[in-house]
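Please have the sequence and the model open while reading.

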Amino acid sequence: MSNDAAPLSDTETAAAVGPVVSSSHLAGGGSPALSEVEYGLMVFSSAFERWMVRCMAAAGLPGLSSTEVAILHSVAHREREKRMADIALVLDIEDTHIVSYALKKLETAGLIHSRRDGKEKVVSISERGSAACTRYGQIREKLLIGLTRQARLSEGELSETAALLRMLSGAYNQAARAAATY
């Protein structure tokens with residue numbers, strides 16, 4: 001028997017296999033593609049959090065969680081003082097206790113400074129914290145940027161992806177609010 005059939009395109013292969021999801025019972029609903037996105041986000045989120053922790057460890061600060069690394073970068077952003085509530089808002093962290101605990105840990109490690117402004121805690125990056133963020137950036141350039149360039153994604157495509165993720169986060173936040181009263 002001769003196999004004269006042309007090879008399947010990537011789109012045809014994907015259609016033949018079906019969506020790649022973690023929960024087939026969700027993929028059977030009104031948007032199997034959204035289930036694919038959700039699975040991709042779960043896998044991506046785990047990989048990204050692992051990267052943040054290991055990159056910061058390589059930069060000389062082992063033992064920080066991905067949330068603590070994200071908060072440190074947020075505090076370092078534009079080298080301006082930040083209020084705890086603003087950090088929680090920017091990083092979309094609902095529980096301010098998580099931010100408070102992380103800030104205490106970062107301050108104990110000498111990575112940030114804090115002061116009181118009335119009842120609010122205000123934090124700023126320390127010299128040690130700034131140096132750690134700089135080392136993180138250098139390691140990121142060396143280990144990660146080349147890999148992402150191999151995927152041949154343009155800066156425009158990456159920006160469009162970021163905009164899509166921000167839009168989806170808004171949709172999920174709105175749906176979460178609705179689910180809280182369902």
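This is a predicted model: local features need pLDDT of at least 70, side-chain atom pairs count only at pLDDT 80 or more; totals for chains, interfaces and linings use all residues.

## The largest pocket

The largest pocket holds about 2,200 Å³ of space. Its lining is made up of 40 residues, and F44, S45, F48, M52 and L165 are the closest to its centre. Two or more lining residues come from each of α3 (32-58), α4, α5 (84-91), α7 (127-150) and α8 (155-180).

Which element gives the largest share of this lining? That is α8, with 11 residues. Sorted by class, the lining of the largest pocket has 22 nonpolar, 11 polar and 7 charged residues.

## The second largest pocket

About 210 Å³ of space lies in the second largest pocket. The residues that line the second largest pocket are A88, L89, D92, I93, E94, N173, A176 and R177. Here the elements that give two or more residues are α5 and α8.

Helix α8 again has the largest share, with 3 residues in the lining of the second largest pocket, as it has the largest share in the largest pocket. By class, the lining of the second largest pocket has 4 nonpolar, 1 polar and 3 charged residues.

## The sheet

An open sheet is formed by 3 strands, in the order β1-β3-β2, with antiparallel pairing. At the edges are β1 (82-83) and β2 (112-117), each of which pairs on one side only. Helix α6 (residues 96-108) packs on this sheet and touches β2 and β3. The direction of α6 makes about 125 degrees with that of β2.

How many bridges join β1 to β3? Strand β1 and strand β3 (residues 120-125) pair over 2 bridges, in the antiparallel sense. K82 stands opposite V123, a residue in β3.

## Residue E68

E68 belongs to helix α4, which covers residues 66-76. Helix α4 is also among the elements that give two or more residues to the lining of the largest pocket.

Is E68 buried or exposed? Its relative accessibility is 4%, so E68 counts as buried, the cut-off for buried being under 20%. Leaving aside residues up to four places away in sequence, E68 touches G63, Y101, A102, K105 and L106. Y101, A102, K105 and L106 are among these contacts, and helix α6 runs over residues 96-108.

Terms used: Residues are numbered from 1 along each chain as its sequence is written. Side-chain values use heavy atoms; hydrogens and water are left out. Helices (H or I, at least four residues) and strands (E, at least two) are DSSP runs, numbered from the N terminus. Buried means under 20% relative accessible area, exposed over 50%, partly exposed in between (1.4 Å probe, protein chains only). Contact means heavy atoms within 4.5 Å. On a 1 Å grid over the protein atoms alone, a cavity is a set of points where a 1.4 Å probe fits but cannot get out, and a pocket is an open set with protein on both sides within 12 Å along at least five of seven lines; lining residues have an atom within 4 Å of a point. Grid points are joined across faces, edges and corners, and a volume is the space filled by probe spheres set on the points. Ala, Val, Leu, Ile, Met, Phe, Trp, Tyr, Cys and Pro count as nonpolar, Asp, Glu, Lys and Arg as charged, and the others, Gly among them, as polar. Two strands pair if DSSP finds at least two bridges between them. Axes are lines fitted to C-alpha atoms, for helices over the stretch in contact, and angles run from 0 to 180 degrees between N-to-C directions.
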